[in-house]
Amino acid sequence: MSIYYNPLDKICKSITGGIRQNESIVFNVFGDGDEPCLFVYFKDGGEAQYLHMKKNEKCWTLQLSFSEPGLYFYYFIIGGTKAGLGKLRNIEFNEQITYYQLLVYDKNFTTPDWLKGGVMYQIFPDRFYKGRSIALADGKWLHQKWNEMPEYRMNEQGKVLNNDFFGGNFSGIIQKLDYLKDLNVTAIYLNPVFEAYSNHRYDTGDYMKIDPLLGTNEDFDRFIAECDRRNIHVILDGVFNHTGDDSRYFNKYGHYDEVGAYQSKDSKYYAWYNFKNFPDKYECWWGIDVLPSVNESCVSYENFITGQEGVIRHWMRRGVSGFRLDVADELPDQFIEKIRASAKAVRDDAIIIGEVWEDASNKIAYSKRRKYLQGTELDSVMNYPLKDAIIKFLKEEDTTAFRETICMLRDNYPKSVLDSLMNILGTHDTARILTVLGGISACNKDEMSQITMPEEVKDRAKCALKIAAVLQFTLFGIPCIYYGDEIGMEGYGDPFCRHTFTWDNMDDDLLAFYRKLGSLRKNLSLFCDAEYIELYADKKCLVYERAKGKEQIIVAVNLGNNLFDIKFNGRLFDLMNGGEYCNRFTIQAKSCTILSNYKLKY
């Protein structure tokens, strides 16, 4: 008996991906047998429900809706045999089945339209550009040369203090906004900018104050105004799982003019923290004692962050467009919900993006299933699964894992989330993408600080990076450029991925390539929400289409030695390499091409 079901095919499942609460959906399983077919589904943790599917000439069919948002799973029993999720989402008969997934999200859930179709750019503030000089506080030191290596060595106590600075600030970012505009950037994601001791500023000292090394609150306002003038949105890093020990709230060293939790049990901040043996034994993030963990369920802390005069609304009122939530897995559901509500109360199109490294639709964190994408928490997440799949595709020259990841994302995520995913190739937490694609290993940090790629290796890595960028920019979601990737910066893991932007050593060819990709997104509206359609794939070659209305692009990535012909009606233009083709295009070996029915001028 021949059976066909694939939830990514709308003849089988009328809505691709997650569905809206109370939305009607039709399931069709195609087959020529007369056996009964049962649709078996259950809400996560709930009892299974068995529904008989109606048989017609071509298929078994069922229409239903779900009144409660949540994560559901389903499978089929056809002629007494179980059938569930197989490769590339096709149906598979097996007694030990994997369930299909269906995410049902809140009926009122939407994601911000301003983000879709744009280009995001991530900035690590201390390392981007130095504007006017600002004096350092005690305990911090300034590199004398902009292009020096960040400090990575431990002190006598075995700690890296992260107290070395290069002087990047808001004045510097403002001076480079036109550079970002030329990249067609529409949103800037900033690593933490609030007052803190360290150069990374994940050890927040005062949530209501811009770090003095970056400028004043007024400098921040000027930065927002200059971004607004260029139609660039600003997204801040929200670090709400922990503070710094050198903070107004903990005040371990007495640097602040309030009584901190470390200083007294009578401090108004004492309940924010979890002391095991007051004052020196306390819960901290991953055992790092300079990052005392916060009790997010504490009412006073919750109000401080999400209340009427809280941190979220304060910065939203100053003009930011949303937050990226650091370590979202460690934030309680209720707390994230209140962050979302607080941001949306000021701006209904605020964006809330979570740092989630896995499939966010079904993530289990600390033994609890999370509900990030069910309509009351996050709008989007950092797309680490896609990043890993792109790298694996390019390094192993095999499309298999990449195609599976694309199928997983399309099947599991709501479409509005899919179109808002933060598509990354590297971040402040990972090695630079060019270094990863170069493939030269380093055994320790001393080696990491010294290794640079030979030119022939760098040339190969650069070719691979161009393909990675094409995928990043043309798939569903929003490409996020990690500062300096567009000019060919190298670097292993932290802190080498956080080197200063090398303004005096820019790869002009790579930069021009990124500008072209940004221009493509600027000029074609299909990138906002067009469907993804796989046209052809084998082990080394992938061809897909994105089309909406009259606009169409076809992306062909061929890592093998075979040639392939694409046949079509009319004319298509090669947007990256130039050329015009009528009715037929040959995909060359070892090539990457973007074809469109629109000829763009750069």
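Q: Which residues line the largest cavity?
A: In this predicted model, the largest cavity is lined by Thr16, Gly17, Arg410, Tyr413, Lys415, Leu418, Asp419, Phe476, Ala530, Glu531, Tyr532 and Arg546. A cavity here is a set of points, on a 1 Å grid over the protein atoms alone, where a 1.4 Å probe fits but cannot get out, and lining residues have an atom within 4 Å of a point. Residues are numbered from 1 along each chain as its sequence is written. Local features need pLDDT of at least 70 and side-chain atom pairs 80 or more, while totals for chains, interfaces and linings use all residues, and side-chain values use heavy atoms, leaving out hydrogens and water.

Q: Which elements give two or more residues to that lining?
A: Those are α9 (415–418) and β28 (531–537), where helices are DSSP runs of H or I with at least four residues and strands are runs of E with at least two, numbered from the N terminus.

Q: And how much space lies in it?
A: About 70 Å³, a volume being the space filled by probe spheres set on the points, which are joined across faces, edges and corners.

Q: OK, switching to the sheet: what's the strand order?
A: Eight strands form an open sheet, ordered β25-β22-β21-β18-β15-β12-β27-β26, with parallel pairing; two strands pair if DSSP finds at least two bridges between them.

Q: Why is one side of β25 and of β26 left without a neighbour?
A: β25 (380–381) and β26 (422–424) stand at the edges and each has a single partner strand, so one side of each has no neighbour in the sheet.

Q: How many bridges join β26 to β27?
A: Three bridges join them, and methionine 422 stands opposite isoleucine 478 in β27.

Notes. 1 Å grid on protein atoms, 1.4 Å probe; cavity = no way out; pocket = protein on both sides within 12 Å on 5 of 7 lines; lining within 4 Å.
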